[in-house]
Amino acid sequence: MPSLQSLLDEVDHRADEIVALEQDLVRIPSINTGFMPTGNETRVAEYCRDWLAGEGIESRILGRDPERGNLIAVLPGRDSKTRLMLMSHTDVVPVENASKWRFEPFSATVSGGRVYGRGASDCKQLLTSQLMAVAVLKRNGVRLEQGVRLVSGADEEHGGRWGFGWLADKHAESLESELAVNEGGGNAVEMGGNLVYLLGIGEKGRLEVHIRLKGESAHASVPWVGKNAGFVLAEALKRIEAYKPELDTSLPLFDYLSEFAIEDKPTPKNVDRIVAHVEPENRSLATLLRALSRMTLTPTMVKGGVKSNSVPESIELTCDVRTLPFQNEAYLRKQLDAVLAGLEGVEYDVDYMSVPNTSPYKTEFAEAVKRAQAVAIGRKDIRWAPMVSNGFTDSRFTRNIGIVTYGFKGVHPDDDPALTNVHGTNESTGILTLISSTKAMIALAYDVCGGR
Ligand SMILES: [Zn+2]
């Protein structure tokens, strides 16, 4: 009957093995361009299946497309049900300019205590740690009351229609669990001398608004004969830039600002002052407070004109919109109607890319996550605050089918978040985080699934 501490000690002894596993995963270039055929996540899933088989853990690969498989592994407990799901994804975003990288992006080079490569942090670090966590539980003959499930999905970076979205829709049994942890939270913030971890409890909504601006075509040599849609675009852009979103401080994070040594009670009136005050000490916290206190409306693409000598008759402006959990489509339409009021020849439509979603914060599961993080990094002074993230992950699919899902990765506080560069040049993960994350996943499973 291994104690939890002996399992955590074993992780330290296996640091080289953890790094090598991460390197192997990063070296499989599972790039997801968003256009089929793409991803080839099956190669990652097969690698994991074989690696797990070597540990005596069974898994299977399920996919809507044979090249885009999802990995599902189960470490059974005494009970036939699995209680906890460890989630991650196998695809990575493309590399924009490989020549700007210090090391070849799929070389998984180790330098300065970090592993460099596309996907090193997002999301192969978490996948590595979760694989090693179930392996350590298995190798040591830990007996669980209830089982643990490890699911790594395809296509997270392009909406999850081949991954968790498809699994939730067509194979919900493959996700069977009450509780889950995934990317999208669990970051450490140092502020006012406190170490605060942000537990991911939800996500803002993401929508695309397509605004069509109409004019009337004419030969460009006699422009007065027509009506240039470009000038309507100019006015629309000016108004969007001047748009002042309604401010709101009702998300739970705002009830926990004292954890960051911020003494002001936040209100819609003073929130921008608080943001300005936080900014010099901690830019990322300031950005988070700003994103969680308002809807954003951001023009991102313009399409229009047919010929260099024709007055354009129609132009389409695309905007990215991020809504707070309680702001619905009717709310967004009211805002847009006000912004575009009186502009002639303007219509728009709204597409949901991701609906906002949340899990409750005050749960026994959250307490287990806090204990897991504390033992993983050996610190008793951690503070916590619930965060809604401004991006979205596969967690929306599992929250939708009733699984309490937290963004929690077990990152190490001494691992500089500025170096991870997720989706950017020189993406990397700290080896410290590979190790603390493995420990956190073990501790969480041991605790939540009744290990002994
Ligand atoms: Zn990711």
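R206 sits in strand β10 of what is a predicted model. A residue counts as buried here when 20 or more other C-beta atoms lie within 10 Å of its own, and because R206 has 21 C-beta neighbours inside that distance, it is classed as buried. Leaving aside the neighbours within four places in sequence, R206 is in contact with R322, M353, S354 and F392. F392 is 186 residues away from R206 along the chain, yet the C-alpha atoms of the two are separated by 7.9 Å.

Strand β10, which spans residues 205-214, is also part of what covers the buried residues of helix α6, and this cover includes β11 (296-304), β12 (314-323) and β13 (346-354) as well. The helix itself runs over residues 229-242, and because 14 residues at 1.5 Å a residue should span 20 Å, the 20 Å between its end C-alpha atoms agrees with expectation. Within α6, the residues A229, V232, L233 and A236 are buried; they cover an arc of only 100° around the axis, and therefore lie on the same side of the helix. The face of α6 turned away from that buried side carries A234, K238, E241 and A242, which are exposed.

Elsewhere, a pair of helices can be followed: the axes of α2 (residues 15-26) and α12 (residues 431-448) come within 10 Å and cross at roughly 105°. Angles of 65 to 115 degrees count as roughly perpendicular, so α2 is roughly perpendicular to α12. At their contact, A15, I18, V19 and E22 of α2 meet I431, L434, I435 and T438 of α12, and by class this contact has six nonpolar residues, one polar and one charged.

Conventions:
Residues are numbered from 1 along each chain as its sequence is written. This is a predicted model: local features need pLDDT of at least 70, side-chain atom pairs count only at pLDDT 80 or more; totals for chains, interfaces and linings use all residues. Helices (H or I, at least four residues) and strands (E, at least two) are DSSP runs, numbered from the N terminus. The expected span of a helix is 1.5 Å times one less than its number of residues. A residue is buried if 20 or more other C-beta atoms lie within 10 Å of its own, exposed if 12 or fewer, and partly exposed in between; C-beta atoms are placed from the backbone. The arc is that of the directions from the helix axis to the C-beta atoms. Two residues are in contact if their C-beta atoms, placed from the backbone, lie within 7 Å. Axes are lines fitted to C-alpha atoms, for helices over the stretch in contact, and angles run from 0 to 180 degrees between N-to-C directions. Angles under 35 degrees count as roughly parallel, over 145 as roughly antiparallel, 65 to 115 as roughly perpendicular and the rest as oblique. Ala, Val, Leu, Ile, Met, Phe, Trp, Tyr, Cys and Pro count as nonpolar, Asp, Glu, Lys and Arg as charged, and the others, Gly among them, as polar.
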